[in-house]
Each structure stands twice: as C-alpha cells, then as structure tokens.
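Here are a few exercises to work through with the model open in your viewer. Try each task yourself before you read its solution.

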Amino acid sequence: MDPVIVAGAGPVGLTLALALARHSVPTVVLDEGPGKDEQRPARTAVLREDTAALVERLAGGSFGGVTTGARWSGWRSMRRKQVTRQLTFSDELPSPLHVPQHVLTGALRDAIADERLVKVAVESKLDALDQDASGVTAHTRGHKDAWWRGSYLIGCDGPRSTVRKLLDIRFPGRTAVERHAVAVLRAELPWPGEALLHRNPPWPRAGTEVTARPLAGGLWRIDWLLPPRGDLVTPDALLARLRETLAGWCGGSSTPPYELLDTGVHTVHHRLARRWRAGRCFLAGDAAHLLGTLGTQGLDEGLRDADNLAWKLAHAWHHGAGGALLDSYQVERRAAVATRLRAADQALPALRGGGGLRAYVPGAARGQETLLTDGHVGCGQLGAPAAHTHSPLTPGPSDSTVEVATEPGAPVVDVGVTAPDGSYVRLRGRLGLSQFLVVLVAPGTLVWDRRHWMTAGIMPRLAAAVSALPCPAELLVAESYPGAAAHTVLLVRPDGHLVTALSGVRPAELYAATEAALGRAAPPETPAKGRGGRGGTAKKGRGSAAPGAGGASSVAGGASSGASGPAAGTNGPAAGASGSAASGANGSSSGARGSAPGAAASEKTGEPTAGTAPARPGGSTGASGPTAARESAGPPGSTGRVESRKSPSGTSGASGPSGATGAEAAGPGAGASGGRDSASPRRSARASAPHRGTRPAPGDKGS
C-alpha cells in the first residue's frame, strides 16, 4: 500500500509521522521550508503531562534538561500585592513542560533522520490534490515539481492550511480574541523555578495581567495582556513595560540586571473547522482549530490530534478497516476542542472585565483565579485532557463492567506495571506500539517472582483470552490502580484512553469491547432498506449545519450494535456480544448497517469494503518504506499539469490528476448539503485558485 502523506513539518506533522512509523506505517512529510527551523525563543509551548510524555517517547529523550525545557517547581497567583494562591507540583499534580518550539521541532527532526519509514521532502509546497477510492494524489511545487501518491493525506499545515482550502472546508470563528506582548530574557526573579500569574499589578504600564513562566537555562518568558484591538506595541513601549515590571517584582525603584533575547506580539484566535475528515484526507493541529486564551495551548491539542489519529490510520493501513474507526477521529477530537473553546468563550466575559454584576459577587475573584490557574497548569475544563465519554468506540455496558477512578474514554492513570519481560515500567511507556494494552490489577505480584504467578491462578486463562483478541494486545500486571479492586481487567487503547474495566477474566466481553474499540459493529436485526445492495451498505443520515467556532452540538445517533467473535473454549472468547454506541458530531448523526460480523460498512468516503473480518497481524502486508510513494513528472494516466477552472457555483475546481472530477466525501458531522460545506467525493483544486467567501485565517505560524 502507498505511504501516508503528511502536509506540514511543524511539531504536529512531525509527531504524526513518527507515531505512524512506530506503527510500521511509511510516511512522506511535505515540508515547505528548507528543513531547518528559525530559532525564536519567544515562540514556546507549554505541554501537559500526557503530551510531554508523547513527544519524549517519540523523540527518544527527555526535554527536562538544562538547555531543552523546564518543568516548573510551583505556581503562584497574585492580585495587586497579595499572593492569592500557591501550588507545588508533585506526582499527584505533575508540572507542565515549557519548551521553545524550535527545540521541540529540532528534536523531532533528529528522530526522523534515524527513522527509515519517514521521508521528508523539503521545499515542497502542496498546490493540488485529488482522491479516489484507493488513495490520494498530491502535487507539489518548489525546487522541482513532483506528484506524490499516498493512501491517506493529513493536513498539518497551520492556520492558513492549503489542504483545508483545497478541500473547501470552512474555518469559522473569532479573530484577535486576545493579544499579548511577549519578551524572553535572562534574569533572576524572586521565585526561581515558579511560574507566576499577576493580575492588576500596582504599577501603571503593566496592564491588567502579566504572566512569567521559567524556561531552561535561567530564561523567562513574560506575557503582558493587551487590549484586543489596541494600538501597535512599539519597541520603546515594550521596554518600558519590561523595566517597570521587573522593578515592581524585585521590590526596588531600579530595574535589576537582565538580558533581553527576543520580543514579539502574540495574537490569539478562536476558530474550528467544520469538518476534520473529507474522504481520505484529514485535518490536524492548527489546520483544524485555533485556541490559546486563558492558558490553553493550541499545540497541546494538536499533539493530541496526532496521537488519536495515528493508531486509527495505522489499523486502517494494515488491515483495511472500514470508515467507522476513521470517522471516530473527528467525533472524538472535534468535540473535545469544541468543549475547550466553549468553556473559554463562556469564561472570557467575567475574566476580562465584562462580567457585569457577577464581578461584584463575593468570592468571584477567587473563582476567577482558580479558572485561570486551571487553564495554565492543565486542570479543569480549560486544561485537563479530554475524556471521549460519548465516543462511538465505547462499548455498551454489561454485567461484567465495573467502575474505576477512570471513566471509559478518559486517559488512564500512569501507574507502574510489570511488562511481559519482567521489567517494571510505567504504563504510559507501553503506549503507541500499535497494540492495545490489557492490564490486570493483582496486588502482591511485586513480592513474588514473575515466573511463579505467570502460570498460576487466572493468568493462563487471561493470557489465552488476550492472545485470541482480534488485534495485537500486550498483557501487563499492575500492583494497584485508583478505584479498582483486585482482579479488575482494564482494556486500554494505543493512545492511552480506557475502553472498559471488567471484573475478572471475561473472554467474551473482552473480545467484544476490543471489537467495539476498533469500530466493528455487528449488524442490527432489521435489514437495511436504503440504497445499499445485499451487503447492506451504510446509509448516512442528513444533519443540520454545524455551529460556529467555540461550540459543537452533538447529536447522539442511537444505533444498536454488537460484535461477534469466534466460538472458543475456556481460554477463548465466547461467540456473540452486544453493545451500543452513541455517535455524532457537528450536528450530524450517522449509523451503519453491515452484512456480517467484522465487515467494514461501505461509505461515501472512498474506503474499500471488506467482506470478511480483517486478517490477523501476522498475515498483514506492509511496504518497504516511504520510497513506495510514486514520485513522477506527472500522475498516472495524465499528460500535463492540472489546470484550475471556475465551477458554476463560484468555487474553484479542476480536473484531477486521474482525469476525474470530484469533491470531498461527507464525513461524520458534515453540514447540511449545499453551500461551501457540500461537495462530491473527489475534488481537485489549485491552491492559487480563488475561493469565494473563504479568507485565510490570520494567526501565528501553525503546527
């Protein structure tokens, strides 16, 4: 099969390419630049515990060193001259990782240089794409024009995404929600290693809010909140703010010594793409969403996009999975980002002086401090990792499921586990290896030698059930897990989200939960009466148009589903299991009817239809590497370049490299038919062609 094409070589695109390589999927990264990143100390990223662990795992090293990144020792909030809140980071409250973006990107590029399954094409700007039932053809211009053939294409090319424009996907939202003046300097502040949020400081030119966050090497990044549409910040005005702020913090009338390294103005926008999937093309990172107010981090969410999409694409690439698994990427991630945007939009009026009478309610200031702190340190609605509680991949309840401290769909707690080789590792260190994790909670296992308890009690039966699962899985043993009783069995997805928790060894339920997590649902009893043939192809319902940025209405498409597995004895799963999954996003509900257990429903997304259950991993085929991409002077069957032309509707269209017209397929959560959001499955367009009503979203350089 052709490799996956990733458009964009920012942190999100490089992370996605490395994650796919860990799943043995070859990737071609289209990089518009020369392959090196400009060193801008003022462009930094704050990563939460889960995303920091992801990039450290993929890059093969830690970012907590003297010159790479900083983990804060604590957090303090001040209002005027009074300290209102202090936090000390620990194992229970992990510190965020603050790292310059060029350091993060450089480490990912170094890891890619040693990865044989990833090829980076520098000075390759995407300007046309076409997709058909078997793959995507893309054209790039630069040092030399080239055609690329891939199985899927992911747009990680920032807020002005060429992929999004070629797919004709709208990007509504709000412009210039916040502005910050930024300075990076070397200085000694009174609270070394602690981050500070100072509201209403008692000096005139500091503004209403100042944030100071430590970086590695004794550096600090200081942000001053500016009026959304105020005057331009001149260098003299920024220096005056800096000197006054440092003097105020250090308690003297004179400015302490400092070395200024970089300055800038950071403008925050709130935008959310209408759709994140169009056939075999996807959006991720800043190409799909923009956020960043109140301490939220757009790059943090973009890395979660890459982690969520990588294992699903890998399963589809190796086993030819149907559309349900790939559709769940948009359902899960778009809903998570929409919730974050909605929470920020609701909090902004109260936090930025427009709260009306609520600002005078006793305790309102303390509530605002808590909300702001949560956004910066990664807690609450503004900062905590999202839980995909309404994911279509969540299995239905059964008598065997039990409750633990982690609800299904939420990220698991990083407990210590015993690996198959007997080593004691962290649970998060076993993620991203193209396999599910089955964790048995067994108190006392650390006391005994592993060779004794691996062949005793319920372990042989559980090991047999794990080996019979429909996809690769690794059996781990934990001494304890929050809220879990002894002999609880946890099923964990490759991206670290909990699928289900079972009481004891339940082969049939474990098999059915794995099938549900792979998007394989057994057909309902009532046969399909739509346009599908005997096989019962999927029939998608029409939904209303999606809301704008900052929110996403989710319609639960109630569809009973089940998963059946092969009959087995004591050590294998029993046949037949049923569950239910509610799915929907962007105001659209979808359902699917299949003809046989394990069959992939045929959808209007260009996905091949599988008549039988996917083959076991041992029989899957792979590619020799990214060189499997077909690069040539022209696409197969074509004689020249693609020429754009105006379509009757006013949008730009073109005959694709394969000579066929087309447009994007309506993915889950697509808007109502008509207008700019509706198109047919194989659109080919030129980046230079005008798009009526579409305007590139302003903002900083994206992921």
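Predicted model: local features only at pLDDT ≥ 70, side-chain atom pairs only at ≥ 80, totals over all residues.

Numbering starts from 1 along each chain as its sequence is written, and side-chain values use heavy atoms, with hydrogens and water left out.

**Exercise 1. Work out how Tyr329 pairs with Trp276 and with Phe282.**

Step 1: Rings of Phe, Tyr and Trp (its six-membered ring) pair if their centres lie within 6.5 Å; planes under 30 degrees apart are stacked, over 60 edge-to-face, and the rest tilted.

Step 2: take Trp276 and Tyr329. Their centres are 5.8 Å apart with 50° between the planes, so the pair counts as tilted.

Step 3: Helices (H or I, at least four residues) and strands (E, at least two) are DSSP runs, numbered from the N terminus.

Step 4: now Phe282 and Tyr329. This pair is edge-to-face, at 6.1 Å centre to centre and 70° between the planes. Phe282 belongs to strand E19 (residues 281–283) and Tyr329 to helix H7, so here the parts tied together are 47 residues apart in sequence.

Step 5: check the burial. Phe282 has a relative accessible area of 0%, and Tyr329 comes out at 0% too.

Step 6: zoom out. Tyr152, Trp276, Phe282 and Tyr329 form one aromatic cluster, and the structure holds six aromatic pairs.

**Exercise 2. Find which arginines put their charge over the rings of Phe171 and Tyr152.**

Step 1: apply the test. NZ of Lys or CZ of Arg has to be within 6 Å of the ring centre and within 35 degrees of the ring normal.

Step 2: at Phe171, the charged end of Arg164 sits over the ring, 3.9 Å from its centre.

Step 3: at Tyr152, look for Arg280, which lies over the face at 4.8 Å from the ring centre. Tyr152 is also one of the residues in the aromatic cluster.

**Exercise 3. Describe how helix H1 (residues 11–22) meets helix H2 (residues 49–59).**

Step 1: compare the axes, which are lines fitted to C-alpha atoms over the stretch in contact, with angles from 0 to 180 degrees between N-to-C directions. They come within 10 Å and cross at roughly 65°.

Step 2: list the contacts (heavy atoms within 4.5 Å). Thr15, Leu18, Ala19 and Arg22 in H1 meet Leu54, Val55, Arg57 and Leu58 in H2.

**Exercise 4. Locate Leu93 and see what it touches.**

Step 1: Leu93 is in the loop between strand E6 (82–88) and strand E7 (97–100).

Step 2: leaving out residues up to four places away in sequence, Leu93 touches Leu87, Thr88 and Cys379.

**Exercise 5. Sum up the whole protein chain.**

Step 1: count the secondary structure, which comes to 12 helices and 31 strands.

Step 2: of the 703 residues, 55% count as buried.

Methods. Buried < 20%, exposed > 50% of the residue type's maximum accessible area, 1.4 Å probe, protein only.
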